[in-house]
Amino acid sequence: MKTEHLKYAMSEVPRYTSYPTAAQFGDLDEPQYLQWLGELSADQPISLYVHVPFCHEMCWYCGCHTTIVAGYDRVGAYFKTLMREVELLAAALPFKAKISHLHFGGGTPTILSPEHFGAFMAQLGTHFTFLPGADLAVEMDPRTLTPEIVEALATSGINRASLGVQDFSPHVQANIHRIQPFYIVDRSVKWLRAAGINAINFDLMYGLPYQKPVDVERTVKRALSLEPDRIAMFGYAHVPWFKKHMQVISDDSLPDVFERYTEAQLAADLILQHGYQEIGFDHYAKPDDAMSIAARDGSLKRNFQGYTVDEADIMLGLGASSIGQMPQGYVQNAPKLNEWRETVEAGRLTVMRGLGVSDDDRFIRAAIEKVMTDLALDIEAHCREHDRSLDTLDEVFPKLQELQADGLVILENRQLTVIEPQGRRFLRSIAASFDRYWAPGKSKHSKAV
Ligand SMILES: C[S@@+](CC[C@H](N)C(=O)[O-])C[C@H]1O[C@@H](n2cnc3c(N)ncnc32)[C@H](O)[C@@H]1O
Ligand code: SF4
């Protein structure tokens, strides 16, 4: 990393899985959500997100919304409430929703028993219509995966598995409280493929405590040997003020920003040498994968799950803390398990926070999404498409010119192009130039690289 890029690497910027970001959310109640649901039209495909916030052990780096449970009681109770929430959501929609994408996130969704998983999928099938070819994905922890749950996933139509891999080095695993030898991942992939779940994603991480470039290199090579279709390479977001368990990870055990950059770029180089296509700043996919095709043809999107081929404008959330995206704005369910359960059991949807989006938000959101997915933005064409005067975004030029002077972008005739590879590493900082709400230090986010 060049020293002139240090100021970007040190700054905290949003990941832009939404715009405006969740930092802008305020109070938003059920009547507002019901009104928005009532305004949706039957012909729009809908994407569903189901959050399962339980795990058996806490990984010390974990930034996800999860609770540690020893037995099954709380998971079983959660399942019952989720079943009820599906009925409430279906009843609030003026039509039977057509589902183009389904994503189970967590936590660890495969903590559900095979019977409960199957019953929940049947419940979704009763209340909604799955479109042919729908992408039905589940995040899973290889350490706790069993052939029985894999069987239940396959039987109920799941066709994509996203496995948390992180790092294969024993000393890194010890320092993140996640012991997961290679054979555990290897056998999980074999079980999944044998059951017909052939779309395999891996989550890897850099910037972990005591992780060195050589660990990243070894991890990436071993991960590639299993030929996943997609790889996400996440930079560890150390946010101990927000996630108290991260305080176990001392600051001096963490790679500095130069090392983080080296690790991210090393991983990129290795994965690209292996023939994968680079997607945005943290994803990779085989060249014939739908995500690579979307990146090439300009239809790649970004939503709360990160980079996606999901083109649905509507994502509805189920489960505590889940976030939904609608043409009118964003909504978030109650994050606290008790509150979420009591509200659903009283027959109400639990949306508590969110934000209505303005035309200007949509205009900026689309610009940020193009930068994050295409690594380029034809600013005049963008203004024309959104019925704005061609100089609407000229106010952003001083920031873009600074990025240009620092060798991250080219701005010529209102045409913005990200310079590879360094600009790709700082894509979030480039996107932040367009953000009307963000300012350095204004709200807490993770570091840009
Ligand atoms: C819900 S977990 C995946 C499924 C399962 N719970 C597991 O860990 O295997 C989602 C992914 O987020 C990533 N992640 C979690 N905490 C993170 C953090 N603090 N910074 C960056 N990525 C993180 C990890 O790569 C993890 O696999
Ligand atoms: S990384 Fe996954 S398994 Fe580990 S605590 Fe977080 S959600 Fe649970």
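Trainee: Which residues come nearest to ligand 1?
Mentor: Gly 63, Asp 141, Gly 164, Asp 203 and Phe 234, out of 19 residues around ligand 1. Near means a C-beta atom, placed from the backbone, within 6 Å. This is a predicted model: local features need pLDDT of at least 70, side-chain atom pairs 80 or more, while totals for chains, interfaces and linings use all residues. Residues are numbered from 1 along each chain as its sequence is written, chains are lettered from A and ligands numbered from 1 in the order written.
Trainee: Which strands each supply at least two residues of that shell?
Mentor: S5 (98-106), S6 (129-140), S7 (160-166) and S8 (199-206). Strands are DSSP runs of E, at least two residues; helices are H or I, at least four; both are numbered from the N terminus.
Trainee: Switching to helices. How do the axes of H4 and H5 cross?
Mentor: At roughly 10°, coming within 9 Å. Axes are lines fitted to C-alpha atoms, for helices over the stretch in contact; angles run from 0 to 180 degrees between N-to-C directions. H4 and H5 are therefore roughly parallel, the term for angles under 35 degrees.
Trainee: Which residues of H4 meet H5?
Mentor: Pro 114, Phe 117 and Gly 118. Contact means C-beta atoms, placed from the backbone, within 7 Å.
Trainee: And what is the strand order in the open sheet of three strands?
Mentor: S18-S20-S19, with antiparallel pairing. Strands pair if DSSP finds at least two bridges between them. S18 (376-378) and S19 (409-412) are the edge strands.
Trainee: How many bridges join S19 to S20?
Mentor: Four. In one of them, Leu 411 partners Leu 416 of S20.

Methods
Angles under 35 degrees count as roughly parallel, over 145 as roughly antiparallel, 65 to 115 as roughly perpendicular and the rest as oblique. Two residues are in contact if their C-beta atoms, placed from the backbone, lie within 7 Å.
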